[in-house]
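The entries below keep to what I looked up, in the order in which I looked.

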Amino acid sequence: MRSLRAMLRTDEARAGLLFVLPFFIGFLTFNIFPLIYAIFISFVDYNTLKPSFNFIGFDNFVRIFHDHIALSAYVKSFIYTLVYVPGVIILSFLLASLLNRKFYFRPVSRTMILVPYVANVIAIAMVWSIILDPYDGPVNALLNLVGIDNPPLWLGGVSTSLPTIALINVWQNIAFQTIVFLAALQGVPKDLYEAAELDGAGRWRRIKHVTIPMVSPTTFFLIITSIINSFQNYASVRSLTNGGPGVSSRVISLNIYEEAFTYNRYSYAAAQAIILFVIILIITIIQWKGQKKWVHY
Amino acid sequence: MNRTLRVYVKSFAMIIMTTGLLLGCGINNNSKLQFVDSLDANGIIEEEKTVLKIYVDSIRAQDTNFLDVVHAFERDTDYKLEFNLIPGDGKDIYKKIDIDLGSKKSDTDIILFSNPILLDKYSENNMLLPINDLIDEQAYDVDRIYGDYITTYNDNIYSLPAGAGRWAVYYNKKIFDDAHIPYPSGAWTWDDYIETAQKLMVAGHKFGSYMLDYDNYLYFIARQKGIPLYKEDGLSNYDHPSFKESLRLFAEIGNVYQIQPNWLEFKTKKLPWDGFMTGEYGLTLIGTWYTNMFLDKKLYPRDWEFGITQLPTPSDGLGDNNLGNVNSIGINKYSKHPLEAFEFVKYFAENNYKFTGDLPARIDLKEEDRMSIFRKTEEKLNGEVTAQQFNDALYNTDLGFMKEKISGPVALEYSQIILEEGELYLIGVKSLDDAVHSIKSRVDTLITDKGVQ
């Protein structure tokens, strides 16, 4: 392996270094250093109002396992992920498949699906609050019309608030996944479909044996990023229910925020964040190991 | 371009990029006592002024009433006040102030506390300067001026009270006139309040009343009866029957009597805190800070007049208190010029009410002093409500005064837990007993844990 000095001998190498240096400094400053700092403060008793750095070992981590609200927040995040990730992956794949066909207004349709993705999260919260208003909202009015006497309370129900937030996020974020899937679908060679058709494969078998395996690297990438994003979801929960009713939609990101910025327990919040980081890391590693069975490069 | 020149160009580019990247990370730690020279119209230096800094949110920074206090202070003293403008408003700004204060490098001297929960947090964590010595040195008679409005922590005084808002019932005269119902006045009970709202609804209004989602609505009667939120052993007193009674009443107002949007409707519709100003509701029960909204006809244009009357009391006759929120002002523990900051703290605490419409937290004022404030408000309202009516609703009653907010250990968490567990009862997920039990046990656990720590 060549030494760094040898690598920097050419002008191109030095120029390359010059151009990556701002990113590298930014990455160290805004990603690596905060991560190390978070790990550090999770082992002390740091509170912004009583700044001290007394080493307390694993106390903050042990405390999490006695904190019912924090534990339930981790579970809520899992539930959210279980609704959000399959929802966004399956629907975006179906939508991309539709948009990959030829039909009138296809360019307009492809543009329109981007609208929710670029919309402001507060505006989205307001609009969905009106649509899902259990008293006068159009959705429940429609359900009443078709004979459903007790329609869901949506964002106001203890058991429905979290799935409802997840589905609203599916609606908002589906555009990104759809565009990535669309690009992948357009990269599937047409002769594969022709060969499958000659072999007598119907539409469903072509999707199952040609399309899905061919876009599996894209699916894998989207699943990993969706899971990570779903565990980090904060803004939409905050604006739609703020964790309520009670703590029924209080996901772990919101809990971490409250611990740090409302109650000033920075070290305790950092410990919760580190556990979240480890959970996401483990899930990602499992997926990475498991991809060999279903991802075809 | 020769090799040397290329090296210089690359080095220069590297320095520029790196500097540019890091420039935004800098902080201004200028905590030195600053002096500014004011220029008069002829460009001649008038005087040297000491600069004090105060945290303000964007709304307060543009509040002409607040600016009037500041200008009056600057005019009357040798000090100049500079704003440390904090983005956001309400409680949110304190999250940023926490971080600034926690750095121990903040050069901001003065902090305003909109409620006692915030004061508790900063005082208990020793983030504020105890002003006992300054008070003693200047023989400043706080007992004579502020009486019980002064809050102490372990015998230390960390702030002076700057206002003591009270609760009142505001009503929409047009809705009462349309329903041919006389305006409420004088002493009345919660039963009377409910009955009045029901009459308005019979006359064709969807809701007769409007209340918000604040924690104190959930323990209103208990506070009116003077029931403390903590037991003598320091644990939560939420298992006292009066708290259960309070929670039940608030639930019944929305769910049973249906005189106002119930909790679920309020939350799912995201009804606004200033919803009464829409003119759709007959009555609202709120603090006197609400008066400012009636003064602002630009933001709240209306074709109806309002009235004000005193707070209803528990129907069993066992509670005869009004509630109130004491806001206050203190000094950063790390202030470089506490003596000068104390001058503004005193000035603001004594004079704030004259400018902002806040009710004074002073016991040394005579009725005539209070009437002079109300007369100013009457003038601004073009006589819509008279000074006498304000005085009758807020002071000229048989009601005592209780602090509305929780003040004590884990106050912030206590307030939040009441909202979280109370909400589950209000929307029908938990029984009243379960909700009360959950509130008490969760708060007790926190208090015990804090004691252990």
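**Entry 1: a helix and its cover**

I began with what covers the buried residues of α11(A), and the cover includes α4 (68-99), α9 (161-186) and α10 (190-198) of chain A; helices here are DSSP runs of H or I with at least four residues, strands are runs of E with at least two, and both are numbered from the N terminus. I note that this is a predicted model, in which local features need pLDDT of at least 70 and side-chain atom pairs count only at pLDDT 80 or more, while totals for chains, interfaces and linings use all residues. Residues are numbered from 1 along each chain as its sequence is written, chains are lettered from A and ligands numbered from 1 in the order in which they are written, and side-chain values use heavy atoms, with hydrogens and water left out.

The buried residues of α11(A) are A:R206, A:V210 and A:T211, where buried means under 20% relative accessible area, exposed over 50% and partly exposed in between, with a 1.4 Å probe and protein chains only. Seen down the helix axis, these buried residues fall within an arc of 85 degrees, so they line one face of α11(A); the arc is taken over the directions from the axis to the C-beta atoms. The face turned away from that buried side carries the exposed A:W204 and A:R205.

**Entry 2: a serine in α14**

I then looked up A:S253, which is found in helix α14 (residues 252-262) of chain A. A:S253 counts as buried because its relative accessibility is 11%. Leaving out residues up to four places away in sequence, A:S253 touches A:F231, A:Q232, A:N233, A:Y234 and A:L276, contact meaning heavy atoms within 4.5 Å.

**Entry 3: chain B and the interface**

For chain B, the domain assignment, which is automatic or from a database, gives domain 1 (35-165 + 325-377) and domain 2 (167-324 + 386-452). Their centres, taken over C-alpha atoms, are separated by 29 Å, and 23 residues of domain 1 of chain B are in contact with 25 residues of domain 2 of chain B.

Between the chains, I find 40 residues of chain A in contact with 37 residues of chain B. Chain A and chain B bury about 3,300 Å² between them, with 61% of it on carbon and sulfur atoms; this is the accessible area (1.4 Å probe) that two parts lose on being put together, summed over both. On the chain A side, A:L18, A:L49 and A:Y135 lose the most area to chain B, together 20% of what that side buries.
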